[in-house]
2 protein chains.
Amino acid sequence: MIIVENIFKTRKIAALKKWTNAVDENKVDIEVIPLVELINGFDHYYTTSSCAGRLTIISKSAVRSKYHTDFIFKSHNPNELSIEKIGYPIEFKQKELWMLLEPPNFHIGAKNLDYAETMVKLALNSGLGKSKFQSISPGIVVEILGTGHMSLPLGFDGEMAVSKEYLKKVLKIASSMLEEEQIRLARFHEQLTKFNF
Amino acid sequence: MIIVENIFKTRKIAALKKWTNAVDENKVDIEVIPLVELINGFDHYYTTSSCAGRLTIISKSAVRSKYHTDFIFKSHNPNELSIEKIGYPIEFKQKELWMLLEPPNFHIGAKNLDYAETMVKLALNSGLGKSKFQSISPGIVVEILGTGHMSLPLGFDGEMAVSKEYLKKVLKIASSMLEEEQIRLARFHEQLTKFNF
C-alpha cells in the first residue's frame, strides 16, 4: 500500500508540473481548465489528459495510419461545426480525408481503487457512459469517456466523396451530439464540486 | 476475499447456464464459440458477452435513440460486406439510416484483480487496444475491445444521403478494418491457448 501511495505522489507531482507548463505555453484547451484544476486540487486525484470532446477533420496516408496525419480542422466548440467555418470542398493532400467526432475524454490518476471507483461511478451517473478503469497497477488510472461519436471518410485522393448537403447534415448532427456530451461533462463537473473528497 | 470468490462462483454458474441456453437456441454467433468455450473452461474466468466485431445498418427514430431501432443488415463476416449483399438504395422506414462498424467486444468475469489484469494485458498485446477494466467490485469484469470502428449516417427521411460509389468504398474500408480486427482477435485466442491458467 505504501508503494502504491508513493507511486501516486510521484506521478501526481509530475502530472501537475506537466499541466502547469502546458497552461503557461497555451497548450491546453481553455474549456477544460476549471475542471482539471478542480480535480488536481483534490488530494486523491490528478489528471494526465483532458479533452472536452472535439470534431477533427484529418487527412492521412492510409485508413488506419496513426502517423503522417494532417489536422485540417479541429474544434471543441459545437457552435463552430458548420460548413461556413470548414468550407466545401475541403482541400487535402494525402490519400484519405476523414471526419472524427470524439466525446469528452479525461484520464485521472487515483490514490487507490476505492477512489478510482467513486470517480468512475460519478462519471457514469453523469451520462459519460464509457467511463472505465484504464489501469489498476502499478498506477491507478480511470478513463472518463462519453458515448457520442462519429467516424467517416469524406474524400479520397484529393476529391470529396460526399456532397455539400451531406456534410452540412453530418456537421449538424455532430454539433448537437457534442453539445449533449458537453452537457454531460458539465453535470460531471457539478457533481464533483458537491463531492467531499 | 471469500465474498469476492463467492460472487465469482455464483456469477460464473449463472453465466455458463445462460451461455448453454443461448447455444441450444442458436442465439450465439458461431464464430465466437471456440473462444468463449476456451475462456469458460479456465477456472478463473467466464464470459458474459461476446462479439467478433460486426457491421450493422440500422434505422432509428433519432440520432441517439436506443430504442425503436430496426436492424436492416448485420454481419460478422468481412466477406459479406459488399453492396451486392446489402443493395442500393437501402429501404428504411424510420427517420435516420446509419452504418456502424464495431470491433470485437467481449466481457469477461475474473476471479481477482490479478487475473483481470493478465487478461487485459494479453488483449492489449494482441492489438485489441481499447481493452480495459469495466468493473472492479463487487464482481470483477474486463472489457476486451478492439479499436477499428466507423459510425456514419447513410440516409434521412427514407432517402439515401450518400452515393452508391461512396457506400461501396465505405464497405470496402469496413471489410478490411473488420478483417484486421479479427486477425487481432485470433492472435488473442492463440495467446490464450498457450497460457497456463
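Which residues touch the most other members of the largest nonpolar core? Of its 50 residues, A:Met119 and B:Met119 do. A nonpolar core is a set of buried Ala, Val, Leu, Ile, Met, Phe, Trp, Tyr and Cys residues joined through C-beta atoms within 7 Å. A residue is buried if 20 or more other C-beta atoms lie within 10 Å of its own, with C-beta atoms placed from the backbone. Leaving out residues up to four places away in sequence, A:Met119 touches A:Tyr45, A:Ile108, A:Ala110 and A:Val142; two residues are in contact if their C-beta atoms lie within 7 Å. A second, separate core has 42 residues, among them A:Trp98 and B:Leu97.

This is a predicted model, in which local features need pLDDT of at least 70, side-chain atom pairs count only at pLDDT 80 or more, and totals for chains, interfaces and linings use all residues. Residues are numbered from 1 along each chain as its sequence is written, and chains are lettered from A in the order in which they are written.

Chain B superposes on chain A by a rotation of 180° with 0.0 Å of shift along the axis (RMSD 0.0 Å), by least squares on the C-alpha atoms of residues with pLDDT of at least 70 in both. The two copies are thus related as by a two-fold rotation axis. At the interface, 24 residues of chain B are in contact with 24 residues of chain A. The copies meet through the same surface, because 100% of the interface residues of chain B are also interface residues in chain A.

A:Tyr46 counts as buried because it has 25 C-beta neighbours inside 10 Å.

Note on methods:
A residue is buried if 20 or more other C-beta atoms lie within 10 Å of its own, exposed if 12 or fewer, and partly exposed in between; C-beta atoms are placed from the backbone.
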